[in-house]
Amino acid sequence: MKVASAYMNSQVLTLDGEQAFAELYARLARWSDEIIALQRRGDTATADGLIERSMTLLTYMDRQIDISGNYDIQTQIRRLQRF
């Protein structure tokens, strides 16, 4: 448990916002591939759980987008995430 905690703390310290979002989008892409594979195997329960996790992650990411700099760009990013 200590190792996992240390890893999480180092990730928080070493990833800036842009890197963190890039990693989260990469994770969502991997999960999308996993969801497709699970559905093809007929494991809809696991696929549904991963879809739920993806939606939760997107909701969290959506709240972190700063719209103070350029409202139009951030709005487009949010629309893309919701799609």
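Tutor: Let us begin with a definition: a residue is buried under 20% relative accessible area, exposed over 50%, and partly exposed in between, using a 1.4 Å probe and protein chains only. The model is predicted, so local features need pLDDT of at least 70 and side-chain atom pairs count only at pLDDT 80 or more, while totals for chains, interfaces and linings use all residues. Residues are numbered from 1 along each chain as its sequence is written, and side-chain values use heavy atoms, with hydrogens and water left out.

Student: What is the secondary structure of the chain?

Tutor: The chain has 4 helices and 0 strands, in the order α-α-α-α along the sequence. Helices (H or I, at least four residues) and strands (E, at least two) are DSSP runs, numbered from the N terminus. Of the 83 residues in the chain, 19% are buried.

Student: Why is Ser54 called buried?

Tutor: Ser54, a residue of helix α3, has a relative accessibility of 10%. The limit for burial is under 20%, and Ser54 therefore counts as buried.

Student: Which residues are in contact with Ser54, leaving aside its neighbours within four places in sequence?

Tutor: They are Leu28, Trp31 and Ile35, where contact means heavy atoms within 4.5 Å. Ser54 and Leu24 are 30 residues apart in sequence, and their C-alpha atoms are 9.8 Å apart in space.

Student: How do you know that the span of α3 agrees with its number of residues?

Tutor: The expected span of a helix is 1.5 Å times one less than its number of residues. For the 21 residues of α3 this gives 30 Å, and the end C-alpha atoms are 30 Å apart, so the two agree.

Student: What makes the buried residues of α3 line one face of the helix?

Tutor: The buried residues of α3 are Ala47, Leu50, Ser54, Leu57, Met61 and Asp62. Viewed down the axis of α3, they fall within an arc of 140°, and therefore line one face. The arc is that of the directions from the helix axis to the C-beta atoms. On the face of α3 turned away from the buried side are the exposed residues Ala45, Thr56 and Arg63.

Student: Which residues make up the largest nonpolar core?

Tutor: Its 9 residues are Leu24, Leu28, Trp31, Ile35, Leu38, Ala47, Leu50, Leu57 and Met61. The elements giving two or more residues to this core are α2 (17–40) and α3 (44–64), and the largest share, 5 residues, comes from α2. The term denotes a set of buried Ala, Val, Leu, Ile, Met, Phe, Trp, Tyr and Cys residues joined through side-chain atoms within 4.5 Å. In soluble globular proteins, nonpolar side chains tend to be buried together.

Student: Why is the pair Arg27 and Glu23 called a salt bridge?

Tutor: A salt bridge requires a side-chain nitrogen of Lys or Arg within 4 Å of a carboxyl oxygen of Asp or Glu. The closest N and O atoms of Arg27 and Glu23 are 3.9 Å apart, so the pair meets the criterion. The two residues are 4 apart in helix α2, and are therefore separated by about one helical turn.

Student: What links Glu23, Arg27 and Arg30?

Tutor: A network of salt bridges links these three residues. Glu23 also meets Arg30, at 3.6 Å from N to O, and the whole structure contains 2 salt bridges.
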